[in-house]
Amino acid sequence: MGKKILAKVYEPGAVEEKWSGWWIEKKLFTPERDSKKPAFVMVIPPPNITGSLHLGHALNNTLQDIMARYKRMRGYNVLWLPGIDHAGIATQNVVEKQLLDEGLDRHKLGRDLFLERVWKWKEESGGLILNQLKLLGASCDWTRLRFTMDEGLSKAVREVFVRLYNEGLIYRANYIINWCPRCLTALSDLEVEHDETEGSLWHIEYPLKDATGGVTVATTRPETMLGDVAVAVNPDDPRYKKLVGKTLQLPLAERDIPVIADSAVDMEFGTGALKITPAHDFNDFEIAKAHGLTSVRVMDLEALMNENAGKYSGMDRFSARKKVVEDLKGRGLVKKIEPYKLIVGSCYRCRTVVEPTLSKQWFVKVGPLAKPAIRAVEAGKTKFVPRMWENTYFDWMRNIRDWCISRQIWWGHRIPAWHCKGCENITVAMEEPKVCQGCGSSEIGQDPDVLDTWFSSALWPFSTLGWPERTKDLKLFYPTTALFTSFDIIFFWVARMIMMGLKFMGKVPFNEVYIHALIRDARGQKMSKSRGNVIDPLVMMDKYGTDALRFTLAVFAAQGRDIKFSEERIEGYRNFANKLWNLARFALMNINEVSAAEPDPEKYNAADKWIITRLGVCTEGVGAGFEGYEFDSAARSVYRFLWHELCDWYVELVKPDLRGELGEDRRAVTGGVLLKVIKDTLKMLHPFMPFITEEIFSFLPGAKTSIMNTAFPKKEKVWPEEASGMETVMDIIRAVRNIRTEMNIPPTAPLECMCFCENSALAQEILKGEGYIKNLARVQTLTVSKDGERPKSAALAIAKGDASRVEVFVPLKGFVDFERETKRLTRELEKVLKESEAVKKKVANEGFLKKAPPEIVEKERLKLEGLIEKKVKIEAGLERIKEIAG
């Protein structure tokens, strides 16, 4: 039977298509239900059904997949549970846009027909991102795919709502909420994005009813004054003590409002007198509630001024602002206008400026839920990695407000509450009631609102495992082991899952939370379409291969540090994939059948012992990196080992052995060692680069199963002393090569090498490596002695040795014309100095930096770094010639 040889060139597309389908077909990602192995469990942060794979998804899911594959190879029963989120507002917007193109809207269709359209869209177009995750190599158990609105999760959502309501932890109340006039729905505090913007601070006089003067207030929103119910001052403010209790006449609205005292008023802001508009400001709402004041809404749900706004009714809020200011100026009541920077909240979906609005909404009373969730993290039951994110969690949880969970849209989990038209009682139940629980009337209707998408997501770790039923999966896989997510949803999702997990399961939902970094461009700027610096992972996967993208993401995923990402870096790790492919191809072409057997350590030579020792160090480093969520460290360890130790050194050292120059026995041992090292390296790389490693592994002699079913390598016997000796031999080879390069000596010119080493044991190790030195450094003669007279016209280098240093001399007479070499290097230095000066001016030019694309600027900066490095090397070469010739 002939050898199995890899193709000459690695073609990622064909390999990825082959294995991604095969893994799923063979159910290699599905855990055993009756396994005695320890469980390792993760739930995927469910991507939105409207989503497409972006770099954030690619990073998050690559890191999860790395851990899943690693833990399988460590002998764990791994469940990585996939799913997708119904994404209430986003999905409804997509379907509404389709209807708009057809000349329809959801109100014309009606609720039932509209929801049919959404479900149809979900079946036809939703879930695109799931296929993209499969292309990424995500080893989720796809047989357990969940959807936040599937039947099981819907039952869990209703169960939680009913239980919380019955315990008094869900209530309905008039409350000031964030309202999006575009999406026509309430937003939680976390769904509002805040930006600083330039505005104005208007100083407006409110006259006293008795005409004895007035009070000047300062506001950034004059249009809301039409809803004012009081002016508040601090009781300790001497400017206003005599005015407390007096009555003001509200300009334009012609209503009487009182002057009240409240310690919440900031004496330093504006004039120290605060207009109170409880229906349109969070702080004002609290002050008005404390003083028993009624609220006056002056805007409708589309942020148009309503009937309470008088003559301004029908105007949008910004037009009304201009008109109100104009009318106030006409009365001489605008005392001052000054520029003012203010923070404006916008809807996270459509970017419309949010309007604080008084509205009847459903809330979760989170205080009683937050306290045990805080204690759980304080006690270490859930740990954040990096730990600094615990402070972010605590800051929010200790200042938490009740959670507005109702949304005025149609797509989502409809609130299981029915309102009686007769007695206005609310019936909350698991099943649709026939009559009102209060009066028995059959005239009841279900609440039109749906739950915040994050409500169902908060139940994700246990609802996906079958809760509220006591399933075998729930018993086996809850609590989960680790959660991978980004810092921006610690509040949205992580905290709420901990609260709900403790409430309904009595245990935290996960033991560890790994918070990964934010991906930025090569210059550290946030990626955005407007900047034109977005990198599409799907394009990169198609261009460079999925493994190259995955490895790049991992190698830069340092804890607590944002990732500076560029296409050039992906290209660099594509070269790494090619290096691995070429190594495997070389090995398969040079290993005979005898080599397939496990090599006998008794027959190892110095090079074998060195590579096996280095393999052990690498194995420990990679394993430690995985266990500590230090993916960058693990990736760099295996990268350095494969490229700089296995390929650069061991393969080069043993090529004569593989050619049979030292006999068939040595060839068999070398082949066996090379095969073992490649196998173990493939296993270490598999979590990072699953496709190429699976393909290569399937070609190796003796491969009978998937690489992911094999055990992760462990450190075996090592030979530190012999390895140290080999390091010295390699250092001597480097020294001779550097001298050859610096002195511009042709690579084929046979050199003489003299080593002075005081340590006799080390000298013996050097002599054992004589063949390697002669072969790789192109040395004709090698002498090793304790000391001696320094040869004339010889270059000197120092090789490292654990016991003592080794002086390496290479006589240069006959190989170097020192005068000619000095002139050549001087000319080269002049050229480099001239070029670097030009590039330096370019990158210091403000015009170039502003106009040139970022990648061009970065290219020029890298060019300058290269020229500076070249200059240093040339100067060192000139100095060396001076020393030798002098």
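Entry 1: I began with Ala-303, which is buried at a relative accessible area of 4%. Ala-303 has a positive phi of about 65° although it is not a glycine. I found Ala-303 in the loop between α8 (282–291) and α9 (317–330). Helices here are DSSP runs of H or I with at least four residues, strands are runs of E with at least two, and both are numbered from the N terminus.

Next I looked up Ala-211, where phi is also positive, near 65°. Is Ala-211 buried or exposed? Ala-211 is exposed, as its relative accessible area is 69%. Its place is the loop between β7 (192–207) and β8 (214–219).

**Entry 2: what I am looking at.** This is a predicted model, so I note that local features need pLDDT of at least 70 and side-chain atom pairs count only at pLDDT 80 or more, while totals for chains, interfaces and linings use all residues. Residues are numbered from 1 along each chain as its sequence is written, and side-chain values use heavy atoms, with hydrogens and water left out.

**Entry 3: the whole chain.** I read off 28 helices and 29 strands. The C-alpha trace spans about 110 × 65 × 55 Å along its principal axes. Of the 886 residues, 53% are buried.

**Entry 4: a threonine in a strand.** I turned to Thr-485, in strand β22 (residues 480–486). Thr-485 counts as buried because its relative accessibility is 1%. Which residues does Thr-485 contact, leaving aside its neighbours within four places in sequence? I listed Asn-60, Trp-493, Val-494, Val-513, Tyr-514, Ile-515 and His-516. Contact means heavy atoms within 4.5 Å.

**Entry 5: cis peptide bonds.** The bond from Tyr-478 to Pro-479 is cis, with omega near 0°. I also noted a cis bond joining Val-385 and Pro-386, with omega about -5°. Pro-386 sits in the loop between β15 (383–385) and α11 (389–397).

Notes: Buried < 20%, exposed > 50% of the residue type's maximum accessible area, 1.4 Å probe, protein only.
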